[in-house]
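Welcome! Please have a look at the sequence and the structure first.

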Amino acid sequence: MKKKMALLLTAMMLVTAFAGCGKKESQAEPTKTPEVTKEVTDGKDNPTTEPTAEPTTEPTETPKEKVDVAIAALKGPTALGMLKLMEDAEAGTTANNYKFTVAGAADEITASIIKGDIPIAAVPCNLASVLYNKSKGGVTMLGINTLGVLYIVETGDGVHSVADLKGKTIYSTGKGTTPEYTLNRLLKSAGIDPEKDVTIEYKSEATEVAAILSQTENAVAMLPQPYVTTVLNSNEKARIALDITKEWEALNEGSTVVTGVVVANTKFLTENPDVVNAFMEEYAASAAYTVENVEAAAALSEKFGIFKAAIAQKAIPYCNIVLIEGDEMKTKANAYLQVLFEQNPAAVGGAMPEESFYYKR
């Protein structure tokens, strides 16, 4: 009996022990369920747990409306730096809408420049000064775009320096204009008196001078490009003897011949500096294109009615196409205008232009 009671107690203790173990197991912390995050895919149905950002729209600047700008140049070397710009304007890829006019003579555009109907133009350097004085500051010089285009041509082989011109007869065009003043200064710089030491015969047309060169042995003439190229093409005896610009610079330190410049109507410039500055940036690239891509530029020259491609291709390397701005522009242009003023004040409009004539961006 005692043995049975002991077995019964043992059994009851075991049941109680198992019941306690079951209770402890039920009170244990439940397994944590992972936090639910918003699923996004990487485009390949692969879910990720990165939170989706709210789409944002960055504010964009409204493109500036293009401005219509009329631009003019004369039918000559001063227009050659604009060729690529003219092409780009036609294609609609320029900063603004440029409408170009190529005029046969300066008087076709001068009034429009002063009035502002043509706010930007390429003109002779001395004409820019004349317009500045005439308009009382209504015209501003933006940059030099063409240095000297004058050359001494001969049908012999006797001229190799300016000193060799002494005692010669020189045929030229441009009586009473910049070619005469330029030649006089060059001769004087070499110690030659234009009135006593040489004979200068001025003709009204370059074709007259070309005819003399074709008919006369050992003839000497001063001509601008592209007439120089025309003469060389038609007369195998003719040769370039002197580059007036190089000879000038050698005899006049710090000075040079300035043929063409870019000007702006002052009121337009004041009201639209960004437009003008954008144009000058494009003009710089265009001038460089003309110098570096002569054949392509020559084709554009014919396309826009400036020179025939065959003539332009040979003339462009001799036209001194540049773009000089700022202080250097002022120094070079002012020095050249001073030479003209000393010989004939009317050549620059009666007075030397003031500081405000020169633009610095």
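**Strands and helices at a glance**

Strand β6 (residues 139-147) and strand β12 (residues 258-265) pair in the antiparallel sense, with seven bridges between them. Strands pair here if DSSP finds at least two bridges between them, and helices (H or I, at least four residues) and strands (E, at least two) are DSSP runs, numbered from the N terminus. This is a predicted model, in which local features need pLDDT of at least 70, side-chain atom pairs count only at pLDDT 80 or more, and totals for chains, interfaces and linings use all residues. Residues are numbered from 1 along each chain as its sequence is written, and side-chain values use heavy atoms, with hydrogens and water left out.

**Around strand β6**

- Nine of the nine residues of β6 are buried, so this strand is largely enclosed by the rest of the structure; buried means under 20% relative accessible area, exposed over 50%, and partly exposed in between (1.4 Å probe, protein chains only).
- Leu 147 has Val 258 as its bridge partner in β12.
- β6 is also joined to strand β13 (residues 321-324) by two bridges, and these strands run antiparallel.
- For Thr 146, the bridge partner in β13 is Ile 321.

**Around strand β5**

- Four of the five residues of strand β5 (residues 120-124) are buried, which leaves the strand mostly covered.
- Strand β3 (residues 68-74) runs parallel to β5, and three bridges join them.
- Ile 71 has its bridge partner in β5 at Ile 120.
- β5 and β12 run antiparallel and are joined by five bridges.
- Opposite Pro 124 you will find Gly 260 in β12.

**Helices α2 and α11**

- The axes of helix α2 (residues 83-91) and helix α11 (residues 294-303) come within 9 Å and cross at roughly 65 degrees; axes are lines fitted to C-alpha atoms, for helices over the stretch in contact, and angles run from 0 to 180 degrees between N-to-C directions.
- The two helices, α2 and α11, are therefore roughly perpendicular to each other (angles under 35 degrees count as roughly parallel, over 145 as roughly antiparallel, 65 to 115 as roughly perpendicular and the rest as oblique).
- Leu 83, Lys 84, Glu 87 and Glu 90 in α2 meet Ala 297, Leu 300, Ser 301 and Lys 303 in α11, where contact means heavy atoms within 4.5 Å.
- By class, this contact of α2 with α11 has three nonpolar, one polar and four charged residues; Ala, Val, Leu, Ile, Met, Phe, Trp, Tyr, Cys and Pro count as nonpolar, Asp, Glu, Lys and Arg as charged, and the others, Gly among them, as polar.

**Helices α5 and α8**

- Helix α5 (residues 178-189) and α8 have axes that come within 10 Å and cross at roughly 45 degrees.
- α5 and α8 are therefore oblique to each other.
- On the α5 side, Thr 182, Arg 185, Leu 186 and Ser 189 meet Ile 244, Glu 247, Trp 248 and Leu 251 of α8.
- The contact of α5 with α8 has, by class, four nonpolar, two polar and two charged residues.

**Two residues to look up**

- Lys 246 is found in helix α8 (residues 244-251), and Lys 246 is exposed, with a relative accessible area of 60%.
- The C-alpha atoms of Lys 246 and Tyr 151 are separated by 9.8 Å, although these residues are 95 residues apart along the chain.
- Thr 173 is found in the loop between β8 (169-172) and α5, and counts as buried at 14% relative accessibility.
- Leaving aside neighbours within four places in sequence, Thr 173 is in contact with residues including Pro 179, Tyr 202 and Met 222.
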